[in-house]
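Biologist: I am new to this structure and would like to learn how to read its features. Please take me through them one at a time.

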Amino acid sequence: QVQLVESGGGLVQPGDSLRLSCAASGRTFSVYTMGWFRQAPGKEREVVAAISWSGTNTLYADSVKDRFTISRDNAKNAVYLQMNSLKPEDTAVYYCAGDRTPVRFISRYQMEDFGSWGQGTQVTVSS
C-alpha cells in the first residue's frame with residue numbers, strides 16, 4: 001500500500017495559479033500511473049489528470065485542458081498539478097491517487113482504477 005499526502009491548496013482569485021504536490025511513500029512509486037481527482041460540494045469525484053509511470057503519457061479532463069499540467073518526479077516520489085487560469089468552477093477538494101495496477105496506462109480512468117488515495121487538499125477560487 002502507498003501513502004499519499006497532498007499539499008499546496010488554498011484560496012485564490014480567478015485567473016491565479018496554484019501548484020499542488022503529492023508526496024508518496026510505502027511502495028515502488030515509479031511503476032504506477034498517478035492521478036489527480038477533484039470533488040466539489042454535492043458532486044461526484046471526477047478525474048482531472050493522470051500521468052503514466054514513466055511520465056510519457058498524460059490525460060486531462062476537457063474542463064482543464066490547456067490550463068492544468070500534471071507532472072511527476074520519480075526520484076522524489078512526487079506528482080504535481082500545475083493549475084493556471086483558475087476559475088470559480090475549479091473550486092473543489094483535490095485528491096492524489098495511485099493506480100491499482102503497475103505498469104499500465106489506460107485511456108479513460110475512473111475512480112475504481114485507483115487503489116490509493118490521499119486525504120485531499122482544498123482549492124477555493126473566489127473573488
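Modeller: Start with a hairpin: E7 and E8 form one, with four residues between them, and Asn 77 in the turn has a positive phi of about 55°. The strand labels come from DSSP runs (E, at least two residues), numbered from the N terminus. This is a predicted model, in which local features need pLDDT of at least 70 and side-chain atom pairs count only at pLDDT 80 or more, while totals for chains, interfaces and linings use all residues. Residues are numbered from 1 along each chain as its sequence is written, and side-chain values use heavy atoms, with hydrogens and water left out.

Biologist: In what sense do strand E7 and E8 pair, and over how many bridges?

Modeller: Two strands pair if DSSP finds at least two bridges between them. Strand E7 (residues 68–73) pairs with E8 in the antiparallel sense over six bridges. Thr 69, for instance, stands opposite Gln 82 in E8.

Biologist: What is the order of the strands in the open sheet?

Modeller: The order is E1-E3-E8-E7, four strands with antiparallel pairing. E1 and E7 are the edge strands, each pairing on one side only. From one strand to the next the twist averages 15°, taken between axes that are lines fitted to C-alpha atoms, with angles from 0 to 180 degrees between N-to-C directions.

Biologist: How many bridges join E3 to E8, and how many pair E1 with E3?

Modeller: E3 and E8 run antiparallel and are joined by six bridges; Leu 18 stands opposite Met 83 in E8, and the bridge partner of Arg 19 in E8 is Gln 82. E1 pairs with strand E3 (residues 18–25) over five bridges, also in the antiparallel sense. There Ser 7 stands opposite Ser 21 in E3.

Biologist: Why is strand E8 largely enclosed by the rest of the structure?

Modeller: Buried means under 20% relative accessible area, exposed over 50%, and partly exposed in between (1.4 Å probe, protein chains only). Strand E8 (residues 78–83) has five of its six residues buried, so the rest of the structure largely encloses it. Strand E1 (residues 3–7) has a covered face, Leu 4 and Glu 6, and an uncovered one, Gln 3, Val 5 and Ser 7.

Biologist: How many aromatic pairs does a search of the whole structure find?

Modeller: Rings of Phe, Tyr and Trp (its six-membered ring) pair if their centres lie within 6.5 Å; planes under 30 degrees apart count as stacked, over 60 as edge-to-face and the rest as tilted. The search finds five pairs. Phe 105 and Tyr 109 have ring centres 5.8 Å apart and planes at 65°, so this pair is edge-to-face. Tyr 109 and Phe 114 have ring centres 5.0 Å apart and planes at 50°, so this one is tilted. Phe 105 is partly exposed at 25% relative accessibility, whereas Tyr 109 is buried at 4%.

Biologist: Which residues form the aromatic cluster?

Modeller: Phe 37, Phe 105, Tyr 109, Phe 114 and Trp 117 form one cluster.

Biologist: How do the residues lining the largest pocket divide by class?

Modeller: Ala, Val, Leu, Ile, Met, Phe, Trp, Tyr, Cys and Pro count as nonpolar, Asp, Glu, Lys and Arg as charged, and the others, Gly among them, as polar. The lining has five nonpolar, three polar and three charged residues. A pocket is an open set of points on a 1 Å grid over the protein atoms alone where a 1.4 Å probe fits, with protein on both sides within 12 Å along at least five of seven lines; lining residues have an atom within 4 Å of a point. Among the lining residues are Glu 46, Tyr 60 and Tyr 109.
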